[in-house]
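Here is a friendly briefing to read alongside your sequence and model.

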Amino acid sequence: MEDDKKSEVEKDSTDTFSWGERHKQILLLFLCMVIAYAMRVNLSVGIVAMTDKSSANQEFIELHWNESTKSTVLSSFFWGYLITQVYAGQMAQKYGGKYFLVGSIGVSAFLTIITPISAIHGGVAAMCLNRMVQGMAQGFIFPVINVMLSKWAPKSEKSRLVSFVFSGTQFGSLVMLPVAGFLASSVGGWPSIFYVGGVIALVWVLAWCLMGANSPAEHHTISEAEKKYIITSLSNTTSKKFLPTPWSKIIKSMPMWTLLISHMAQNWGFWILLTNMPTYINYILKFNIKSNGFLSALPYLIMWILIILFSWISDYIKINSLMSDTNQRKMWNSIAHWGGALALFVLYLFDTSAMEAIILLTVALSLNSGIFTGFLTNHMDLAPNFAGTLMGITNSLANITSILGPLLVGFIVTDSSNKEQWGMVFLYSAAIFFVGNLIYVIFGTAEIQPWNDLSNRNEIQAEDASENS
């Protein structure tokens with residue numbers, strides 16, 4: 001009866017408040033992800049121009065880095081990225097996430113602006129340090145945003161709002177990859193890639209300081225009706241007080257381990273493709289840097305569209321009770337990982353033309369959009385009170401594979417023009433996608449875990465014991 005009343009409240013509120021302050025917060029968080037990923041991937045295109053000026057404005061210095069050095073520089077971001085994540089989730093849960101995002105994007109913006117100085121005057125060591133510190137700063141983003149979404153996204157809108165925010169990762173890549181190609185060939189040369197991105201990030205920091213809020217309760221201009229709608233929707237899963245993290249329960253949780261394995265498999269395949277696709281297109285498919293940027297961005301355009309489409313379908317399925325949350329997560333995750341694995345396996349198995357290779361890479365990355373209604377929402381399913389910490393744990397450990405992936409490419413691909421060596425990279429990625437999702441399908445769940453709020457559970461047990469006595 002109580003659940004029926006809540007459903008009616010949510011339905012009425014959704015009809016009445018189709019646009020509200022929560023959507024402004026979601027838009028700002030989306031832009032945060034766009035900017036963060038644009039700063040993260042700018043080097044993937046930039047490094048082609050930095051090390052081969054024949055494909056860009058030739059008036060700018062060329063850095064003589066071999067493939068192993070380039071792979072090391074590209075992977076150095078993740079050395080720092082895995083350090084801060086769990087701490088970030090804990091801090092955001094305790095103090096709120098607003099100003100942690102200010103620091104994260106602000107530090108990344110400054111380091112992005114000084115990237116050309118680091119590369120030209122500091123060499124490989126300075127570049128690795130620059131990217132590593134950027135990684136430490138951006139390590140706050142996913143855990144902090146997860147905490148904020150657990151406060152701002154009502155149940156009936158969760159898939160749409162969460163997927164839209166996280167789709168900023170694709171939109172950032174979509175924007176940066178072609179723009180970086182144009183900037184590298186412009187009068188500003190490859191340094192302008194980093195100057196433009198850094199300045200835009202600082203503009204976002206200012207906007208977020210003025211308009212961002214940790215939760216509906218802390219927002220100064222939100223209506224009482226919308227505030228009540230959001231808080232009522234989340235009241236049975238999210239605690240109003242700070243709770244101690246149940247570390248032993250988390251460590252012993254099979255759903256948590258399953259989520260971690262799926263996240264690691266995802267990061268392996270995705271980041272190999274993201275960081276090395278421009279190089280593959282340049283040396284194997286023989287497209288210049290302008291075309292390279294557009295071709296590298298194509299999968300992210302389709303992926304971004306599919307994320308929005310999948311999230312609406314997911315919420316429709318949930319609202320109409322067509323499938324359990326657990327089966328939904330497994331279905332979307334399988335589309336992402338098994339679909340991507342099949343495309344990469346075909347790319348390895350057959351002697352494809354340049355156009356066929358582009359299509360297969362586009363399919364592999366586009367289907368990856370299923371993770372946003374798959375495992376990436378699963379942290380909030382399992383324990384909304386600890387969503388930031390859970391994301392910090394899985395995203396931190398999963399980024400070990402983000403480091404190993406590009407390094408493995410540097411080990412396997414000793415000749416960037418060798419198609420067979422690239423084929424082995426795609427084969428290994430396909431196998432990891434397949435195995436990771438197989439484990440998720442067998443052991444994964446979207447059921448809220450008992451340790452989400454042990455204090456509340458203990459109170460209920462105490463009340464029951466008192467009544468029985």
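Leu149 touches Ile26, Leu29, Val162, Val165, Phe166 and Met380, leaving out residues up to four places away in sequence. Keep in mind that this is a predicted model, with an average pLDDT of 84 for the protein. The points below start with the core around Leu149, which is among the residues with the most contacts inside the largest nonpolar core.

**Nonpolar cores**

- The largest nonpolar core holds 111 residues.
- Alongside Leu149, the residues with the most contacts inside this core are Leu101, Ile105, Ile145, Phe166, Trp204 and Tyr280.
- Helix α2, covering residues 21-51, supplies the largest share of the core, with 17 residues.
- There is also a second, separate core of 6 residues, and its members include Trp152, Ile222, Ile230 and Leu234.

**A buried serine**

- Ser104 is found in helix α5.
- Because its relative accessible area is 3%, under the 20% cut-off, Ser104 counts as buried.
- Which residues does Ser104 contact, leaving aside its neighbours within four places in sequence? They are Ala137, Gln138, Phe140 and Ile141.

**A nonpolar patch on the surface**

- Nonpolar side chains tend to be buried together in soluble globular proteins, but some nonpolar residues here form a patch on the surface.
- The patch is made up of Trp247, Ile251, Met254, Trp257, Phe434, Val435, Leu438, Ile442 and Phe443, which together have about 890 Å² of accessible area.
- Met254, one of the patch residues, sits in helix α13.
- Is Met254 buried, partly exposed or exposed? With a relative accessible area of 45%, Met254 is partly exposed, because this value falls between the cut-offs of 20% and 50%.

**Confidence in the model**

- A pLDDT of at least 70 is reached by 88% of the residues.
- Among the elements of the protein, helix α5 (residues 98-113) has the highest mean pLDDT, at 96, and this is the helix that carries Ser104.
- The lowest mean pLDDT among the elements, 43, belongs to helix α20 (residues 454-468).
- Over residues 457-469 the pLDDT stays under 50, and the model has 2 contacts beyond four places in sequence for this stretch.

Definitions and conventions. Residues are numbered from 1 along each chain as its sequence is written. This is a predicted model: local features need pLDDT of at least 70, side-chain atom pairs count only at pLDDT 80 or more; totals for chains, interfaces and linings use all residues. Side-chain values use heavy atoms; hydrogens and water are left out. Patches are made of residues with over 30% relative accessible area and no salt bridge: like charges are joined within 9 Å, nonpolar side chains (Val, Leu, Ile, Met, Phe, Trp, Tyr) within 5 Å. Accessible areas come from the Shrake-Rupley method with a 1.4 Å probe; for residues, only the protein chains shown count as cover. A salt bridge is a side-chain nitrogen of Lys or Arg within 4 Å of a carboxyl oxygen of Asp or Glu. Helices (H or I, at least four residues) and strands (E, at least two) are DSSP runs, numbered from the N terminus. Buried means under 20% relative accessible area, exposed over 50%, partly exposed in between (1.4 Å probe, protein chains only). pLDDT is the predictor's confidence in each residue, from 0 to 100. Contact means heavy atoms within 4.5 Å. A nonpolar core is a set of buried Ala, Val, Leu, Ile, Met, Phe, Trp, Tyr and Cys residues joined through side-chain atoms within 4.5 Å.
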